[in-house]
Amino acid sequence: MPIYEFLCKACNRIFSFHSFKVASEKTPACPKCGATDLGRVPSRFGVAAKTGPPSGSAAAGDGDFDDPRVEREMMRFAAELENMDENDPRAMAAAVRKMTEIAGEPVTPAMEEMIRRLEAGEDPEKVEEEMGDAIEEEMGEEGGGGFSGAAPTRDDGLYPM
């Protein structure tokens, strides 16, 4: 099942939530302070679905992310990820490309640049550090938070959605 990440601006912290649906529209409450205005953020690894799949993709058809075919494809993909070498930038790039295809997510210019750099073998942490803000901006996040624009911290927990 997918994991979605949300930023609590009040805590300036990113939390991970486990969903039983492939494309959950639900926005959880902050597990720390209870705030209900969390904003979805791109994960370090993948991209969250927001529109129907592109024509010709494995998920093409009616665009319904609750479609069992799409869920099966996501489960198959999740199983593949278990064997992926997290230290291999090329494997990460291939996984991001596949995730965007399954999710029907358009690849923005900053995301394309990030993938290109990973495919070239650049260090994923360096790429994230240099491109994270641009990707978040393209994904519609305002970034920052309530702590003088300091980068948010990440909570290690996994919470139900």
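**Cysteines and nonpolar cores in a predicted model**

With a disulfide taken as a pair of cysteine sulfur atoms within 2.5 Å, the count comes to zero disulfides. Cys 8 is in no disulfide, and the nearest cysteine sulfur, that of Cys 30, is 3.7 Å away. Cys 8 is buried, with a relative accessible area of 1%; buried means under 20% relative accessible area, exposed over 50%, and partly exposed in between (1.4 Å probe, protein chains only). Cys 33 is likewise in no disulfide, the nearest cysteine sulfur being that of Cys 11, 3.6 Å away. Cys 33 is partly exposed, with a relative accessible area of 43%.

The structure is a predicted model, in which local features need pLDDT of at least 70 and side-chain atom pairs count only at pLDDT 80 or more, whereas totals for chains, interfaces and linings use all residues. Residues are numbered from 1 along each chain as its sequence is written, and side-chain values use heavy atoms, with hydrogens and water left out.

A nonpolar core is a set of buried Ala, Val, Leu, Ile, Met, Phe, Trp, Tyr and Cys residues joined through side-chain atoms within 4.5 Å. The largest such core has 17 residues, of which Met 111, Met 114, Ile 115, Leu 118, Met 131 and Ile 135 touch the most other members. At least two residues of this core are supplied by each of helices H1 (68-82), H2 (89-103), H3 (109-119) and H4 (124-138), helices being DSSP runs (H or I, at least four residues) numbered from the N terminus. H2 provides the largest share, six residues. A second, separate core of 10 residues includes Phe 15, Phe 17, Cys 30 and Ala 35.
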